[in-house]
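Please report on the chains, disulfides and nonpolar cores of this structure. Keep it brief.

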Amino acid sequence: MATEKRDKEEEEVKTDDGSLKIKPRPIVQLGIFLVAHSPVFSVVFSAAGVLALLILPLLAKNTYISENALMPGSARSMLSNRDVSDGSKLVKDIKNYRLNHEGQGVEVQKLIGKYMSEMGAEVYYQKFHPEGNQFHPLHFFSGPDSYTLLDNVSCASYGVNVAGIIRAPRGDGKESIVLVTPYDFINGGDYEALSLGITGTLFSLLARVTWLSKDIIWLVADSRYGDYRPVAAWLTEYHSPSFKDSDLLKCGELNTADKFRRAGTMAAALVLKVDGRSERFEDTLSIYAEASNGQMPNLDLINVVNYLAVHRQGFYVKVEKVVSLLSSSWLKIIGEIFEAVGKLAHTLNPDWNFGIPTADYLEGSATLASSLYSQALGIPTGPHGAFRDYQVDAITLKVSPRFPPDSKTRQHDFFLRGAKLLEGTIRSVNNLLEKFHQSFFLYLLTSPSKFISVGVYMIAFALLVASLPMVAASLYIDGCKALNNSTLNPAGNFKSWKWLDAAKQVFALHLFGLIVTLLPYFICQVPGQHSPSNRSIMWGTTSSSLLLITFATIPGCSPFSSRRHGTNWAVLKSVTISAAFIGLCLMSIINFATAEIGALLLVPTCLIVQPIKPALRSRRIKSLLGAFCSMVLLTIGFPVMLFAISKGLFGEGLVGLSLGGEFWTWLESLWAWKSATYLYIGMVHLPCWLLCLCILFHPS
Amino acid sequence: MASLIRSWIPLLILQSFLVAIAFGSKEAEEFSEALLLKPLPDRKVLAHFHFENRAPPSNSHGRHHHLFPKAISQLVQKFRVKEMELSFTQGRWNHEHWGGFDPLSSMNAKPVGVELWAVFDVPQSQVDTSWKNLTHALSGLFCASINFLESSTSYAAPTWGFGTNSDKLRYGSLPREAVCTENLTPWLKLLPCRDKDGISALMNRPSVYRGFYHSQRLHLSTVESGQEGLGSGIVLEQTLTVVLQPETTSVETNMQPSWSLSSLFGRKVVGSCVLAKSSNVYLQLEGRLGHESKNVDTEIEAHKLWKNADFDLSLKPDRVLRESSSLLFIFDIDKSSDSEPFDLGLTWKLPSKWSCQQAPLQATRFLMGSGNERGAIAILLKATESQEKLPGRVVTDGRCTIKANIFQIFPWYVKVYYHTLQIFVDQQQKTDCEVLKKINVSPSTDKVSSGMLEMMLELPCEVKSAAISIEYDKGFLHIDEYPPDANQGFDIPSALISFPSHHASLDFQEELSKSPLLSSFKEKSLVRSYTEVLLVPLTTPDFSMPYNVITITCTIFALYFGSLLNVLRRRIGEEERFLKSQAGKKTFGLKQLLSRLTAKIRGRPIEPPSSDSPAAQSSFLSSKLIFKIILVAGAAAAWQYFSTDN
């Protein structure tokens, strides 16, 4: 006690000579104040961050058409019964052909090609190889041009796309609009053929209208190998063709060499799919917009489609939502609270109308959660994702008719309405002089007609993250003091280098994270066929042995090392939090949704974690509770665990044994889509999680 | 009838007056009009209006002209234009269906927008000045923004790639220029009869602009007289090429649509322009039709030519001419009158199919790459079906080759890396020396001049396809250099592909080729085709947010100047001394507060204060403050509540 007092006095004297007498600036004062009360503020800020996230459905604004040139629905539809009968005939022809013939040929493609050329379009066929991009660590962020043709292409499996181009009669050919209908020429069902009918109807109209100013490309993508791959292959050929000789061209009897045609810069793309029967009374239209790494098309495109579908054609429009959230009771309670608060505010001032009914709140949050999740995952939700790589705004429209596919009478009406919707959208895009730029690119949807712009949703993230630097600063001050006290020799000269030991440890673990991130590439290079679970076991063992090596070689890195080498846990935690802060902020620039979800997981863990030994020793309820919380959070924070929980949340069954395999497959899909979420998990989340683990088992 | 005569009288007087004047001078000014109609294989009809105005060399024509437009002759004299061509085009020429190897397409298939080239007869140093003045003059004359070609970033001086070898040639094009009636009207004003009489009366604006392709061209060239004292003569050629879709009621898709002049244009020809020396209507039928009849000797066979099982002409042609693959019916419209208008019609009876002769290689151009940083331009040359049949192959060193010139202008913001030029022939990459015979590059200078690339390729005759790609970087523009609608992207003008060893000509074996249209067809013209205009999306600032920009700039300025002033003006030693003296004099409380704060930072219990009063005071102050805040908030809430109630 006496030494402490003397110490204090010494410090007092030290500071007295210098800055103590000068009143610090208000901003510095504020900083000192925040740092001094960091525990309170961190709790307040984190709680506010979570609350801000929960309140987002209330803050959603109604969408509006921002670009005046679009003028959706202002022109009368020119579709006639003749067009519809053309489209119906195409569907009938294809069905008949498919009934009578079986096999691998390209006759169905030729049938569609013949239809297109009868309409007056320029038709060509494109062969593509079903195998997509391979993971390569160095090509992670490079553009789509890094795609290289495989050298030894086998003719055993290849797909054939058909595309037709209608040249705008008086246009200058600088821009084009793309229509995509994925169709499996071998196994495609009756519903899928309906999408060809709708587009065929539309194509028949577009071939004779005079108002076109942009060329129209209709791509019938061979979805035998998935929806995405044929579209991506076509786009690669469109934008970065290889002029070199390719073996693929020689496959089959169809000669496609030098037949590829282009039509200028793409203004927008619409992918149309028909699947399943609508559960509702109306025909249902689902809009999918998320492309890779949480990129979204311009909101105006969704607005136009939504406006036309709802107000002109009477579709029931929906966007994807997390169904399990709709029935969750805790969200319902929150919704009721918000409703009550809203009502109260309304009675106080009738202008305050932020309250929404609980049902709306539930719908909004379920949609928002799905929107956040799909953006955070970074995997495109449909073939439209391929267009985003080329800065083309694109969405997928999935239409579910309310009738069975063989109903002839309903089909006519369905074709008419579907084609009218597409016609209106194309007409709007056709009106555009400039590319889409007026409306938002960064937004989250809470319903097809409601959105939250970036300015609103980033508040939640900012609040969550704001507590990190404060806590880091206060911990650093604490840690320095503790070090000063504990070490015998007063290392006053190196006072500012206290963090170096801790930084070394943090750096080592981040390096480890980087290696673990790159490991799958080398595991993929291991010769021989391995099942995903084998690969994940390989990955797990190499990673853990690497971790042990890291702990063994770098002194002071391991949580199990002796006390002398160990750094002060407060300083370590401070540096960890700083690293997490930097990582999260960087990620928020690349993919905001990932950063938001990551912050939700990482921030509480980082804030709450404390060495477990003193807590156990002290046996106070408060510290035991803290230790328990940090244990739980750390368990949840483990990436594999997280994956299992998210699978459970999205209502997919869990198979305990194959979890490793499934996790591997999931990660493989992440890197195959070049999702930055993969990098985030490997290089930010995993190291921070390990560091938190180190702090938890810190021998202090 | 009386009114008709009355209306004719002034014209007759005028004509006789003009004729008198014309005979007075040594050589008369001549004007002739012609219309060529040609059914196209894709069920469309091409109408090509051709007007030629000749001013002979004379020493007087600076001041006075009988027929020749004064505006043009003044232009020629003022800027000493040797040759000039200006074209306004809307729509794209379909090389596949409308042909690419006849004089009509090689001369009239023009790039979208405005294209202007001119050769001057001035010293080299004055060429640019003359060009700039010329663009302004033309801009005023044709109600178009041709004056944008004045800027040195928009035009180039091709040396040999353009086809005309001259170092006094300037070339520029404006792909974004919209073409409409406001450009046609001044063009028509140059004609002696305007669009009031003769063939030009057919130019009903709605039907002309409803077409799939519309190109209005003005070509003038000076003819040196060779005589001392005489000036030079001028030949002004004005053409309008439209491709129209005849309205058809038949549902049969393989049947060619029948049409007549009145159904195409909504008007009929009532007599020729009286000032025209010749006014003819030609109908050219291509392909299979020409081969059928070898002899036109007898009257019956001649009759068969225009009334047969395939098709039916509504009028009897005055003459029929033959070429290797096509038939030409000539009609004289002098005989037509108000009561008996000239309304040529073509009725198809049987489905017929033919194809146009195409250029040896069909060129397409497209952009490669994605993103706002880099990209590549690729030109793809594909062999057409008619390639083997064409003459003009050059055999050098035992190798048969096709020559192709490529001429391309790059705006400066497309920064081309010329070393990345790659040439692929039939999917095999070729080194430059193998196929590249000649190349001329003038790199662009930022904001000063545009880049230009001229290439001569020598491709083997059996070539199937050839591809040329060249990479570029996208530049940044200054905020005030962005055009309106900058978010549309920026245009790269069309490239010109010409085939120097191929020449298109149509020789109808007419000895007395009086018609200027036919004689222009007879001349060998270079086969050329223009590629598409490309649209390059560049990075654009957010123009709709000037407020944000202003706010951010102001904040940065404030921060910068504030801290700079602080650093410059503050004397820290002085301040400290002042504060020390202040501290000595003043409050005990400040020190107390600060020590409390530092104590709190260190997380230690607050020292027992030396006197109780300041702490008590401060706590009292804070509770008082909180009370005040609550009071004000309550008052505000009450006020809000009651004010809205009323």
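## Model and chains

This is a predicted model. Chain A has 700 residues, of which 51% count as buried. Its secondary structure comprises 23 helices and 11 strands. The accessible surface of chain A is about 31,300 Å², and carbon and sulfur atoms hold 62% of that area. Among chain A contacts between residues at least 6 apart in sequence, 84% join residues at least 24 apart.

Chain B has 646 residues, and 49% of them count as buried. It carries 16 helices and 27 strands. The accessible surface of chain B comes to about 31,400 Å², with 57% belonging to carbon and sulfur atoms. For chain B contacts with a separation of 6 or more, residues 24 or more positions apart account for 76%.

## Disulfide C193(B)-C273(B)

Over all chains, the structure holds two disulfides. A disulfide is a covalent bond between the sulfur atoms of two cysteines. One of the two joins C193(B) to C273(B), with the sulfur atoms 1.7 Å apart. This link is right-handed, at 65 degrees about the S-S bond. The pair connects distant parts of the chain, 80 residues apart. C193(B) sits in the loop between α6 (181-189) and α7 (205-209) of chain B. C273(B) sits in the loop between α8 (261-265) and β10 (278-286) of chain B.

Are these cysteines buried or exposed? C193(B) has a relative accessible area of 11%, so it counts as buried. C273(B) is also buried, at 1% relative accessibility.

## Disulfide C400(B)-C461(B)

C400(B) and C461(B) are joined by a disulfide, with an S to S distance of 1.8 Å. The link of C400(B) and C461(B) is left-handed, at -75 degrees about the S-S bond. Which parts of chain B does the pair tie together? C400(B) lies in strand β18 (residues 399-410), while C461(B) lies in the loop between β22 (451-460) and β23 (465-474), so the bond ties together parts 61 residues apart in sequence.

C400(B) is partly exposed, with a relative accessible area of 22%. C461(B) is buried, at 4%.

## Pairing and other cysteines

Number the bonded cysteines of chain B in sequence order, and the pairing reads 1-2, 3-4. C433(B) is in no disulfide. The nearest cysteine sulfur to that of C433(B) belongs to C461(B), 19 Å away. A disulfide needs sulfur atoms within 2.5 Å, so C433(B) and C461(B) are not paired.

C433(B) is exposed, with a relative accessible area of 67%. C554(B) counts as partly exposed, at 45% relative accessibility.

## Nonpolar cores

In soluble globular proteins, nonpolar side chains tend to be buried together. The largest nonpolar core here has 78 residues. Which residues have the most contacts inside it? They are F49(B), M84(B) and F329(B).

Leaving out residues up to four places away in sequence, F49(B) touches A34(B), L35(B), I199(B), L202(B), M203(B), Q238(B), T239(B), L240(B), V242(B) and F265(B). A second, separate core has 77 residues. I112(A), M116(A), L202(A) and V399(A) are among them.

Definitions and conventions
Residues are numbered from 1 along each chain as its sequence is written. Chains are lettered from A and ligands numbered from 1 in the order in which they are written. This is a predicted model: local features need pLDDT of at least 70, side-chain atom pairs count only at pLDDT 80 or more; totals for chains, interfaces and linings use all residues. Side-chain values use heavy atoms; hydrogens and water are left out. Helices (H or I, at least four residues) and strands (E, at least two) are DSSP runs, numbered from the N terminus. Buried means under 20% relative accessible area, exposed over 50%, partly exposed in between (1.4 Å probe, protein chains only). Contact means heavy atoms within 4.5 Å. Accessible areas come from the Shrake-Rupley method with a 1.4 Å probe; for residues, only the protein chains shown count as cover. A nonpolar core is a set of buried Ala, Val, Leu, Ile, Met, Phe, Trp, Tyr and Cys residues joined through side-chain atoms within 4.5 Å.
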